[in-house]
Amino acid sequence: MMNKSFVSGCLLVFCSCVLMAQEQKGKSILLKMHKRYQKGPCQSYTFSQKNKHYRNDSVVRQTEWHEAVEFPDKFTIVFGDSANGNRVVFRNDSALHFRKNGLMKAMPDSNNLLLMLGGMYYRKFDDVAARLNKAGYDLSGLSEEIWGGREVYVIGSSDSLANRIWVDKKDLRIVRIVERMNENEMMDLRFEAFQPWCRGYVETKVSFRRNGKLEQEEEYFDLRKR
């Protein structure tokens, strides 16, 4: 008769292997992305954006901002004329809000969007995975589907209320992100246009939907490397 402790040990090893394999599913796609585009996108650049703000599917306001990026964790949004001193500055894991060059408030902000759209390629992979796990992305989950006419991977839980990342299977670039903002709100970001940028891509059109309702469209132009 086989020793019970031996059987238990085998089962434990088997279960551990299964769990490790599950943990690698979504993470393995993230690793492929990281390897392909490591230090690939332009690290430092500026651009302007035109915004359309929606309410009940109608445009209620249009604005224009100017922005500067320096991966992995520096991002500035300037509202209106830069001489007015109205801006938001993201640094490391904080956001600093200025009005007329005076600091109005400072608050924690890990800026997951900046991480996923380029910052991750200027960080070590283990740091990227840890940050996404902390932000509520289940890197063990992985599925495949057709979205927007593309074959995509979907990293994250199959729960429709979970944080998820859609990745183009061919180019390994992110085309959609859904993230829970709080108990009552889900934000759906769709990256609808791209252009080659250094050894990667940069988004040129993005739309934002809150709880399924179109809230904002952004178009980026006058991109300049620094």
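The predicted model contains 2 cavities of 30 Å³ or more. The largest cavity has a volume of about 130 Å³, and the second largest cavity has about 70 Å³. Pockets are present too: the largest pocket has a volume of about 1100 Å³, and the second largest pocket has about 200 Å³. The protein has 226 residues, with 3 helices and 13 strands.

**Largest cavity**

- The lining of the largest cavity consists of 13 residues.
- Nearest the centre of this cavity lie Leu117, Tyr121, Arg173, Tyr201 and Glu203.
- Strand 12 contributes the most to this lining, with 3 residues.
- By class, the lining of the largest cavity splits into 9 nonpolar, 2 polar and 2 charged residues.

**Arginine 173, at the largest cavity**

- Arg173 is one of the lining residues nearest the centre of the largest cavity.
- Arginine 173 sits in the loop between strand 9 (164-168) and strand 10 (174-180).
- Its relative accessibility is 14%, so arginine 173 counts as buried.
- Leaving aside residues up to four places away in sequence, arginine 173 touches Arg150, Trp166, Val167, Asp168, Phe194 and Tyr201.

**Second largest cavity**

- The lining of the second largest cavity is made up of Pro72, Asp73, Phe90, Asn92, Asp93, Ser110, Asn111, Leu114, Leu115, Arg123 and Arg131.
- These divide into 4 nonpolar, 3 polar and 4 charged residues.

**Largest pocket**

- The largest pocket is lined by 36 residues.
- Phe75, Asn111, Leu113, Leu189 and Phe208 lie nearest the centre of the pocket.
- Asn111 also lines the second largest cavity.
- Strand 12 (residues 200-210) supplies the largest share of the pocket lining, 5 residues.
- The lining of the largest pocket holds 23 nonpolar, 5 polar and 8 charged residues.

**Second largest pocket**

- Asp93, Pro108, Asp109, Ser110, Asn112, Leu115, Arg131, Lys134 and Ala135 form the lining of the second largest pocket.
- Helix 2 (112-116) and helix 3 (125-134) are the elements that give two or more residues to this lining.
- By class, the second largest pocket has 3 nonpolar, 2 polar and 4 charged lining residues.
- Asp93, Ser110, Leu115 and Arg131 belong to this lining and also to the lining of the second largest cavity.

**Aromatic pairs**

- The count comes to 9 aromatic pairs.
- Phenylalanine 71 and tyrosine 122 are stacked, with 6.2 Å centre to centre and 20 degrees between the planes.
- Phenylalanine 71 lies in the loop between strand 2 (58-70) and strand 3 (74-79), and tyrosine 122 in the loop between helix 2 and helix 3, so this pair ties together parts 51 residues apart in sequence.
- Both phenylalanine 71 and tyrosine 122 are buried.
- Phenylalanine 75 and phenylalanine 90 form another stacked pair, with 5.6 Å centre to centre and 20 degrees between the planes.
- This pair links distant parts of the chain: phenylalanine 75 is in strand 3 and phenylalanine 90 in strand 4 (residues 87-91), 15 residues apart.
- Phenylalanine 75 and phenylalanine 90 are both buried.
- Phe75 is among the residues nearest the centre of the largest pocket, while Phe90 lines the second largest cavity.
- Ring pairs join Tyr45, Phe47, Phe71, Tyr122, Trp197 and Tyr220 into a cluster.

**Serine 44**

- Serine 44 belongs to strand 1 (residues 44-55).
- Serine 44 counts as buried because its relative accessibility is 18%, under the 20% cut-off.
- Apart from residues up to four places away in sequence, serine 44 touches Val69, Glu70, Lys225 and Arg226.

**Whole protein**

- Buried residues account for 42% of the 226 residues.
- Of the contacts with a separation of 6 or more, 41% join residues 24 or more positions apart.

Notes. Residues numbered from 1 in each chain as written. Predicted model: local features only at pLDDT ≥ 70, side-chain atom pairs only at ≥ 80, totals over all residues. Heavy atoms only, no water. 1 Å grid on protein atoms, 1.4 Å probe; cavity = no way out; pocket = protein on both sides within 12 Å on 5 of 7 lines; lining within 4 Å. Points joined across faces, edges and corners; volume = space filled by probe spheres on them. Helix = DSSP H or I, 4+ residues; strand = E, 2+ residues; numbered from the N terminus. Nonpolar A, V, L, I, M, F, W, Y, C, P; charged D, E, K, R; others polar. Buried < 20%, exposed > 50% of the residue type's maximum accessible area, 1.4 Å probe, protein only. Contact = heavy atoms within 4.5 Å. Phe/Tyr/Trp six-rings, centres within 6.5 Å; stacked < 30°, edge-to-face > 60°.
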